[in-house]
Every structure is written in structure tokens, then in C-alpha cells.
Amino acid sequence: MDNHQKRNLTFFTLGLIFMLSGIEYAVILPTIWRYLQILEAPPYFLGLGLSAFSLSGLLTGPLFGFWSDRSKTTKSIILFSNLFEIAGNFMYFIGYSKWLLLSSRLVAGVGAGAGSSIFGFLTRSTRPEERAGIFAAIMACRQAGLLVGPAFNLFLRLCDFKLGPFVVNKYTSPGIFMCLLWVLVQFVVLTMYWDVPPISSEGGAVMVEMKQEEGSDEEEVPLVGFDEEPVHTYRAVNSDQSETASSTASEVLQVNSAQAAVSNPFKNFSASNEFLREEVVVLLTAQFITLFNQTALETMVTPMTQRYFSFGELGNSLMYSLCGVEVILGFFFVRWLSRKVADRAVLAVGLGICCTACVWCLAFLSNPRGGYGWEMTAFIIGVFLQLLGLPFVAVSQVSLFSKVTAEKTQGFSQGVRRSVGGLATILGPLWAGGLTNNLYIMLGMMLALLIMISIMTALSYKRLVEPRTVQCAQSSDCGG
């Protein structure tokens, strides 16, 4: 099997992992509140349970990213992190107490931290021009999981039997179901995932040069310069032997130095220099605001549909299914569009759509009037516009972030980015949960955040490109 086939199977496996993360969210979310009520948990435990997953992922993401950057492997990290998903979902299945249920989401969230390693791997394994398309496809897989997840609930809610000492019902069955799926994924990763060599990376370039040195007898420019003079020894050898020995020693030192540089990508690394640059701050802010607004809206939608349209479980399930279809189509449209236009242009379009959607919701949904027909129409348009802008912003900011941060520490950088997003997914529901009856304040704050990031993007627009592109624009001989 050649590297191209291995690469395709590896990407398929990553898509499957992201799909399972979407399925897990879709099968657990509808039942966790009733599950907690049965365990006599107070209402605030719902927020704790949902936030616990994001919190552990927020904390472990940079650690997994650091691990992958140092080891230059991802397979072992995925296998290790999936063990936490398996353990966490099994704990959810047992569910003897509210504290065990809360702990189960905390443990399962550790497994989600491996996403930083995965995005780091994707960055190293893709060319810049194809990266946005690959990211869009992977993100669409999670949305596909969110779409098909409710279908599994149709048979999981019928479960009513005992498995040894454990009760399997519609509340505990999602835990054992996801536990079994993650076990199956372990076998898929073992057989269909390879740490394929990077297409273009700083470390890879060094390794290529080392291999070329070994296979060539011609004198080449050394990888690392040495200013030290060779040590003279008084031995009975001729000049040719002395030169050969000196050359061999120099080559060994060069190879060892190059290997040390490859094995420790964090040598001379500065977090402040890496993450406090203008373009990086803009993209991290876009990540936070996008997810903050998205989770706030998700929190707002269900109470709103119940209050104004009397939606039940069936109505909400149908709405979420249609939303999932729109988002998936949006990701694949962005995948196509990213081949035609620059990432920063896609980001600007997405922010424009999001601002328009927020203005619409603020104007027509904060205090709906005009009868059932008009209220439903305004709601559908508002949701459609909100979901339309999501793929544009999500894909472009991830792709741009991978290009403006160092490739050799990409896993750690992606971990920081995902931690910022995790913080947003915790704060978004907390903000919206207390303001479901005062949408003017909730939506007004969301619009203010969107206007702020739009201004930041406009002011930093010239810097939102790959550093090499900036250098090319400033140099007339960049084509060499």
C-alpha cells in the first residue's frame, strides 16, 4: 500500500472519529437532563454536566498537542485518548449517582483533547492550498454525526432490559452504545491509520537533507555550521585517513544536531512571540466569538420554540435535522469555495453573514409580533442566516490559524486554539441561559462582539495570510 492510499484511509479514519463525536453529543444531550432528575440532581447539574466535557478538553488539548509535536506521531495519542472516551461513556452507563454522571462527562472530555493533535497532523499532512478543503470535510463529518445521532435514539429509547447487574434503559443505553462504538473505532485506528510522512514541514526538510547526504558522495553544504577547528592528534596515520576521520566526525555531529532540532520543536519557542502577534490574536478572537455566539443561540432556540411555536421533541428533532443538513451543505460549499478564493476573503464573507443574521434576530425575534405565520417566517430566516455564516467563519479561521502559526509546533498551537473555543462553549450557554427572557441584551451583546471582530479583521486584513505570502508580496525575486 503506497503513501497515497494510506493517507486517504487515515483521513477516512479521522472523519469517522469526528463523526462519532457528533453522534455522542446527539444521543446523550436529549436524555441527560431527565437522567439527572432520576438521580435527584439539582437543576444546575445540567450546566455542570455539559460544561465538564468542554472543561477537560480545554485543559488536555494543549497537552496532547505538545505530545504530538514532540513525538511526531498521532496514532498512539488517538488510541490513548479514546480509552478515556470508552471509560467515560461506560461510567455514564453505570450512573449510580449524579456525581458519577458528572465525572463520566469529565473523563470522556479528556478524549476530546486529542483533537489538537489531529489538527496538527492534518496541517503537517496537507498542502496550504488544499488545507481549508480538508478541514471543511472533517468538520462536516461531525455535523453528519449530529444529523444521524437522533436516528440512533429511535431504538435506544426502546431499550429496557438488564445486562448483569446493570439496567439498560433509554437513559443509560446511550452510554453503553457509545462505549461500544469507541471500542470499534480503536480497531479501525489500529488497522486503517498511519502516521504518514508530512508533505512539507521544517522537520521533514531536515530529514530529507540528511538522507540526501547519506546517499551522495559529493561535498554538500552542511546542515549546521561549525566554527571549531578539528582537534589535532599525534598518531601514525596519513593525511587522507586524517581527513576522512575528521569528515566522518563532522558528519556525525551534524546529523546528531539536526536530529536534536527535529526531536525538540520547542527549542527557542516563545509563547508570547507565537500567540501575541496581531494576526493570531484576531483569529483566536474569531474562534472565541464564533463558538460563544453559536452555543448561546443553541441554548436560546429550544426555549424559544417551546414558548412561541409549542414545539415538542418531534418538532425540535426535525428542526435540528434540517439545520444539520444546511450546515453540512455549507461546509462542502466552503470546501469548493476555498479553492477559488483566499481564506481571509471567506472569513470576511462569513462575518458579514453572521452580522446580518444577528441584526435580523435582534430586530424580529427579540420581541416577535405579527401572528404565528410571520413569527415562524422570521424565525426560519434568522436560523438560516446564522447557520449559513458558520461554515465560512469556522473553516477559514482554522485554516488561516494553521498557516500563520509555526508548523513544527502545530499540535500545541491547535490545542491553544481549541482551548479558547472550549472556554467559549462553557461561557456561551451560561450567558444565554440567564437571558432567555431578555433577548435584547443577549442578542445585543452577540452583535457587539461580531462588530468588534469584524473591525479587527478589517484592520488586520493584510496580515491574514501565510507569512511566506507576505514575504513574496514584499520581494520581487520571490519566485525563485
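**Side chains in close view**

Author: Taking a disulfide to be a pair of cysteine sulfur atoms within 2.5 Å, the count comes to zero disulfides. Cys358 is in no disulfide, since the cysteine sulfur nearest to it, that of Cys361, is 6.4 Å away. Cys358 is also buried, at a relative accessible area of 1%, where buried means under 20% relative accessible area, exposed means over 50%, and partly exposed is in between (1.4 Å probe, protein chains only). Cys179 is another buried cysteine, with a value of 8%.

Before going further, please keep in mind that this is a predicted model, in which local features need pLDDT of at least 70 and side-chain atom pairs count only at pLDDT 80 or more, while totals for chains, interfaces and linings use all residues. Residues are numbered from 1 along each chain as its sequence is written, and side-chain values use heavy atoms, with hydrogens and water left out.

For the setting of these side chains, the chain has 17 helices and two strands, which are DSSP runs numbered from the N terminus (helices are H or I, at least four residues; strands are E, at least two). Of the 480 residues in the chain, 47% are buried. The chain exposes about 23,800 Å², and carbon and sulfur atoms supply 64% of that area; accessible areas come from the Shrake-Rupley method with a 1.4 Å probe, and for residues only the protein chains shown count as cover.

The aromatic rings come next. Rings of Phe, Tyr and Trp (its six-membered ring) pair if their centres lie within 6.5 Å, and a pair counts as stacked when the planes are under 30 degrees apart, edge-to-face when they are over 60, and tilted otherwise. A search of the whole structure finds 22 aromatic pairs. In one of them, the rings of Phe152 and Phe177 have centres 5.0 Å apart and planes at 45°, so the pair is tilted. Because Phe152 lies in helix α6 (residues 128-156) and Phe177 in helix α7 (residues 173-192), this pair ties together parts that are 25 residues apart in sequence. Phe152 is partly exposed, at 26% relative accessible area, whereas Phe177, at 14%, is buried.

Phe364 and Trp374 form an edge-to-face pair, at 5.6 Å from centre to centre and with 85° between the planes. Phe364 is in helix α13 (residues 343-364) and Trp374 in helix α14 (residues 372-404), 10 residues apart. Phe364 is partly exposed at 31%, and Trp374 is partly exposed at 36%. Elsewhere, ring pairs link Phe64, Trp67, Phe80 and Phe84 into a cluster.

A ring can also have a charge over it, which requires NZ of Lys or CZ of Arg to be within 6 Å of the ring centre and within 35 degrees of the ring normal. The charged end of Arg142 sits over the ring of Tyr25 in this way, 5.7 Å from the ring's centre, and Arg417 lies over the face of Phe119, at 5.1 Å from the ring centre.

Next is the nonpolar core, a set of buried Ala, Val, Leu, Ile, Met, Phe, Trp, Tyr and Cys residues joined through side-chain atoms within 4.5 Å. The largest such core has 99 residues, and those with the most contacts inside it are Leu14, Ile17, Leu122, Met178, Phe379 and Met442. Contact here means heavy atoms within 4.5 Å, and Met178, leaving aside its neighbours within four places in sequence, is in contact with Leu20, Ile23, Glu24, Val27 and Asn89. Another core, of five residues, lies apart from the largest one and includes Phe93, Cys159, Phe166 and Ile176.

Gly109 is in helix α4 (residues 98-112) and is buried, with 0% relative accessibility. Not counting residues up to four places away in sequence, Gly109 touches Phe53, Ser56, Gly57 and Thr60. Gly109 and Phe84 are 25 residues apart in sequence, with their C-alpha atoms 7.7 Å apart in space.

Finally, a word on the backbone. Most residues other than glycine have a negative phi. Glu40, although not a glycine, has a positive phi of about 60°; Glu40 is in the loop between α1 (3-38) and α2 (44-71) and is exposed, at 68% relative accessibility. Lys72 likewise has a positive phi of about 60° without being a glycine, and Lys72 lies in the loop between α2 and α3 (75-94), where Lys72 is partly exposed at 33%.
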